[in-house]
Amino acid sequence: MTESVYPTETSAPSAVIVLAAGQGTRMKSTTPKVLHPIGGRSLVGHALAAAQTLNPQHLVAVVRHERDRVAAHLTELVPDLVIADQDDIPGTGRAVEQGLDALPEDLDGTVVVTYGDVPLLTSETLTELVSTHQRDANAVTVLTASLPDPTGYGRIVRDDAGLVERIVEHKDALKIQQDTGDASVLALTEVNSGIYAFDARVLRRTLAQVSTDNVQGEKYLTDVLGLARAEGGRVASLMTADQWEVEGANDRRQLAELGRELNNRLTDHWMRAGVTIIDPASTWIDVQVSLSPDVVLKPGTQLHGATTVGVGSVIGPDTTLTDVTVGAGATVKRTDATDSVIGDDATVGPFTYLRPGTVLGEEGKIGAFYETKKVTIGRGSKLSHLGYAGDAEIGEYTNIGCGNITANYDGVNKHRTVIGSHVRTGSNTVFTAPVEIGDGAYTGAGAVVRKNVPAGALALTVAQQRNMENWVRENRPGTAAAEAAGPAAPTS
């Protein structure tokens with residue numbers, strides 16, 4: 001055996017190989033298993049994020065099922081990722097072999113192998129795995145866990161010295177019991193996570209010797225351990241006390257369980273960081289969300305994407321924010337907002353819909369039953385209730401009356417409305433874009449503004465009111481309204 005020579009301190013692995021070739025038939029989905037999301041990130045996205053923290057010289061993903069779709073997603077996440085294609089030979093051993101084939105032939109040092117469907121594996125555990133492997137000059141180091149129900153997992157069989165002797169796949173352990181009556185292997189609860197650190201030269205050399213002569217007819221990666229031992233290599237393990245780190249998602253139920261556990265960890269993290277979460281069970285937070293101290297999240301709050309919330313803001317109840325920046329001291333309740341900015345001390349809601357491009361300034365307000373899109377609202381301005389503002393710019397300290405609408409679409413093109421500062425608009429004003437309203441202008445109730453309004457002017461749509469006497473008695477005889485109207489008024 002060629003001995004491995006490692007530095008005295010932990011060094012970055014030469015490569016990390018992420019296995020992402022599986023079909024995931026139990027998902028019963030047109031979406032490849034590794035692309036299903038939890039916590040705002042795909043399963044394989046979580047795996048890549050953990051792998052990148054090791055700063056490997058090479059990062060490889062092995063793909064097969066829906067190859068182009070998966071590869072496109074992977075390279076979007078990590079542009080310099082190496083994509084390797086698995087061929088028709090089944091098994092994790094073959095997948096790793098083809099990952100190695102995509103790397104330089106003279107590669108040495110540490111190669112880490114992990115999976116694209118193990119989203120709760122932490123960077124700390126991966127770092128400890130590499131450190132243990134290099135410190136002890138192991139040929140192979142396997143990450144293990146002790147599970148109360150190890151069904152489906154390969155069992156760790158140890159020698160008298162406590163080192164790993166071999167890994168027996170679950171189906172092979174069943175066959176041993178059936179053929180010999182020996183259930184000792186099947187009864188073992190320490191299991192193989194499928195996550196390893198290898199000496200690169202040992203891995204390449206032994207994989208070439210692995211066959212498919214087993215119950216499943218696959219090229220097992222686990223066979224490398226026995227071959228490494230046979231040539232004098234040290235095969236050891238690192239056990240994680242957190243079984244969630246090695247849990248994969250094979251069906252929708254497991255996906256939901258992993259999502260719930262990840263969310264539990266995220267809510268716990270933010271509460272420890274000074275965020276008040278009234279009901280963690282009904283609060284969902286993505287991994288990229290950033291929260292400041294003294295933020296309050298009320299029940300039914302969902303924070304997605306790259307949402308950030310400033311100090312002392314109150315979010316919820318029943319609020320969903322996606323890629324939204326919320327300043328300090330803001331209040332956002334019963335609101336659905338996407339790709340928007342809410343300024344310091346601003347107020348939004350209830351029952352408010354902020355579409356992409358909404359920017360609400362400091363101390364501003366977007367109130368009940370309001371929809372906005374591509375609108376910039378200046379400091380202290382208020383859109384209080386029952387309206388729509390789209391493709392618009394609104395200055396500072398302007399008050400938009402109830403029922404106001406920017407009519408931005410002419411049936412072919414979108415047009416912009418510009419409303420100045422300190423403007424006061426009457427109820428049910430309609431701005432027929434393109435139109436500009438000068439600073440300090442007013443509009444009357446029910447105005448339909450089709451032309452620009454100069455600064456300080458009052459815009460009115462004048463229509464003389466006409467009252468038709470006795471219309472109800474003559475046209476709705478016998479109705480409650482006619483009776484309430486009383487006797488007919490004298491006509492002139």
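Predicted model: local features only at pLDDT ≥ 70, side-chain atom pairs only at ≥ 80, totals over all residues.

**Stop 1**

In soluble globular proteins, nonpolar side chains tend to be buried together.

Go back to Val 140 and show what surrounds it. Which residues is Val 140 in contact with, leaving aside its neighbours within four places in sequence? They are His 133, Tyr 196, Ala 197, Phe 198, Val 224, Leu 225, Ala 228, Arg 234, Val 235 and Ala 236.

**Stop 1: an annotated stretch**

Select residues 16-146. An unreviewed UniProt entry annotates this range as "domain: MobA-like NTP transferase". Over residues 16-146 the chain is 34% helix and 24% strand, and the C-alpha atoms at the ends are 25 Å apart.

**Stop 2: helix 3**

Select residues 92-101, which make up helix 3. Eight of the ten residues in this helix are buried, so the helix is mostly covered. The buried ones are Gly 93, Arg 94, Ala 95, Val 96, Glu 97, Gln 98, Gly 99 and Leu 100. What do the buried residues of helix 3 pack against? Their partners are strand 1, strand 4 (58-63), strand 5 (82-85), strand 6 (110-115) and helix 6 (200-207).

**Stop 4**

The structure holds 23 salt bridges. Select Asp 117 and Lys 33, whose side chains meet in one of them, at 2.8 Å from N to O. Asp 117 sits in the loop between strand 6 and helix 4 (123-135), and Lys 33 in the loop between strand 1 and strand 2 (37-38), so this pair ties together parts that are 84 residues apart in sequence. Both Asp 117 and Lys 33 are buried.

Next select Arg 64 and Asp 88, which form a salt bridge at 2.7 Å, N to O. Arg 64 is in the loop between strand 4 and helix 2 (67-77) and Asp 88 in the loop between strand 5 and helix 3, so the parts tied together are 24 residues apart in sequence. Are these two buried or exposed? Arg 64 is partly exposed, with a relative accessible area of 39%, and Asp 88 counts as exposed at 64%.

**Stop 3: Lys 373 and its surroundings**

Select Lys 373, in strand 27 (residues 365-377). Its relative accessible area is 9%, and under 20% means buried, so Lys 373 is buried. The side chain of Lys 373 meets that of Asp 391 in a salt bridge of 3.0 Å, N to O. Asp 391 lies in strand 28, so the pair ties together parts 18 residues apart in sequence. Asp 391 is buried too.

Among the other contacts of Lys 373 is Asn 408. Asn 408 lies in the loop between strand 30 (405-407) and strand 31 (417-419) and counts as buried at 7% relative accessibility. The unreviewed UniProt entry gives a "binding site" annotation that covers Asn 408, Tyr 409, Ser 427 and Ala 445. Asn 408 is also in contact with Ala 433.

**Stop 4: backbone details**

From Ala 433, step along to Pro 434: the peptide bond joining them is cis, with omega about 5°. Another cis bond runs from Gly 316 to Pro 317. Most residues other than glycine have a negative phi, and most peptide bonds are trans. For phi, select Tyr 397, where it is near 55°, and Asn 470, where it is about 65°. Tyr 397 counts as partly exposed, whereas Asn 470 counts as buried.

**Stop 5: a surface patch**

Finish with Tyr 442, Leu 458, Leu 460 and Val 462, a nonpolar patch on the surface with about 460 Å² of accessible area together. Leu 460 is in the loop between strand 37 (458-459) and helix 9 (471-475). With a relative accessible area of 54%, Leu 460 is exposed.

Conventions. Residues numbered from 1 in each chain as written. Heavy atoms only, no water. Patch = residues over 30% accessible without salt bridge, like charges linked within 9 Å, V, L, I, M, F, W, Y side chains within 5 Å. Areas by Shrake-Rupley, 256 points an atom, 1.4 Å probe, with all protein chains shown as cover. Salt bridge = Lys/Arg side-chain N within 4 Å of Asp/Glu carboxyl O. Helix = DSSP H or I, 4+ residues; strand = E, 2+ residues; numbered from the N terminus. Buried < 20%, exposed > 50% of the residue type's maximum accessible area, 1.4 Å probe, protein only. UniProt positions renumbered as here; feature names shortened; annotations may be inferred. Contact = heavy atoms within 4.5 Å.
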